[in-house]
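Biologist: Pick one part of this model and take me through it closely, please. I'd like one connected account, with the cut-offs spelled out as you go.

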Amino acid sequence: MAKIEIYTKAFCPYCSRAKALLDQKGAEYTEYDITMDQAKRTEMIDRSGGGSTVPQIFIDERHIGGSDDMAALERQGKLDPLLQG
């Protein structure tokens, strides 16, 4: 199984949607809530190449993007292979 990391904020509908898709796939992930954590927010921006919106999703250290990007991978049939690692 791939290593999945997702940076989120409280009350973020896009974060909820991304996590719901991962949950539907039975994927385990590490969630970093940046709501009150400036250090994690800075880390997210650095890792994503400047992405400051949430969620920011990484699969095996590869930056996937946000919720819409992950949904697009799902529609293209490319998400499952990434989740398998």
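Modeller: Start with Ile6, whose bridge partner in β3 is Ile57. That bridge belongs to the β1–β3 pairing, where the two strands run antiparallel and four bridges join them. Two strands count as paired if DSSP finds at least two bridges between them. The strands (E, at least two residues) and the helices (H or I, at least four) are DSSP runs, numbered from the N terminus.

Keep in mind that this is a predicted model: local features need pLDDT of at least 70, side-chain atom pairs count only at pLDDT 80 or more, and totals for chains, interfaces and linings use all residues. Residues are numbered from 1 along each chain as its sequence is written, and side-chain values use heavy atoms, with hydrogens and water left out.

Now zoom out to the sheet. It is open and has four strands, in the order β2-β1-β3-β4, with mixed pairing. At the edges stand β2 and β4 (62-65), each with a single partner strand, so one side of each has no neighbour in the sheet. From one strand to the next, the twist averages 25 degrees (axes are lines fitted to C-alpha atoms, for helices over the stretch in contact, and angles run from 0 to 180 degrees between N-to-C directions). Helix α2 (residues 38-47) packs on this sheet and touches β1, β2 and β3, with its direction at about 120 degrees to that of β1. Helix α3 packs on the sheet too, touching β3 and β4, and its direction makes about 95 degrees with that of β4.

Next, the aromatics. Rings of Phe, Tyr and Trp (its six-membered ring) pair if their centres lie within 6.5 Å; planes under 30 degrees apart count as stacked, over 60 as edge-to-face, and the rest as tilted. By this rule there are two aromatic pairs. Tyr7 and Tyr32 make a tilted one, at 4.9 Å centre to centre and 40 degrees between the planes. Since Tyr7 is in strand β1 and Tyr32 in strand β2 (residues 30-33), the pair ties together parts 25 residues apart in sequence. Tyr7 also forms an edge-to-face pair with Phe58, at 5.9 Å centre to centre and 75 degrees between the planes. Phe58 lies in strand β3, so this pair with Tyr7 of β1 ties together parts that are 51 residues apart in sequence. Put together, ring pairs link Tyr7, Tyr32 and Phe58 into a cluster.

How accessible are those rings' residues? Buried means under 20% relative accessible area and exposed over 50%, with partly exposed in between (1.4 Å probe, protein chains only). Tyr7 has 0%, so it is buried, and Phe58 is buried with 1%. Tyr32 is buried as well.

The charged end of Lys40 sits over the ring of Tyr32, 4.0 Å from its centre. Over the face of Phe58 lies Arg47, 4.1 Å from the ring centre.

With a relative accessibility of 1%, Thr8 counts as buried. Leaving aside neighbours within four places in sequence, its contacts (heavy atoms within 4.5 Å) include Cys15, Tyr32, Ile34 and Val54. Pro55 sits in the loop between α2 and β3.

Back to Ile57 and the packing around it. A nonpolar core is a set of buried Ala, Val, Leu, Ile, Met, Phe, Trp, Tyr and Cys residues joined through side-chain atoms within 4.5 Å. In the largest one, of 15 residues, those touching the most other members are Ile57, Ile59, Ile64, Met70, Leu79 and Leu83. At least two residues each come from β1, α1 (13-24), β3 (56-59), α3 (67-75) and α4 (79-84). Apart from this core lies another, of eight residues, among them Cys15, Tyr32, Ile34 and Met44.

One last stop, on backbone geometry. Glu61, in the loop between β3 and β4, has a positive phi of about 70 degrees although it is not a glycine.

Technical notes: Lys NZ or Arg CZ within 6 Å of the ring centre and 35° of its normal.
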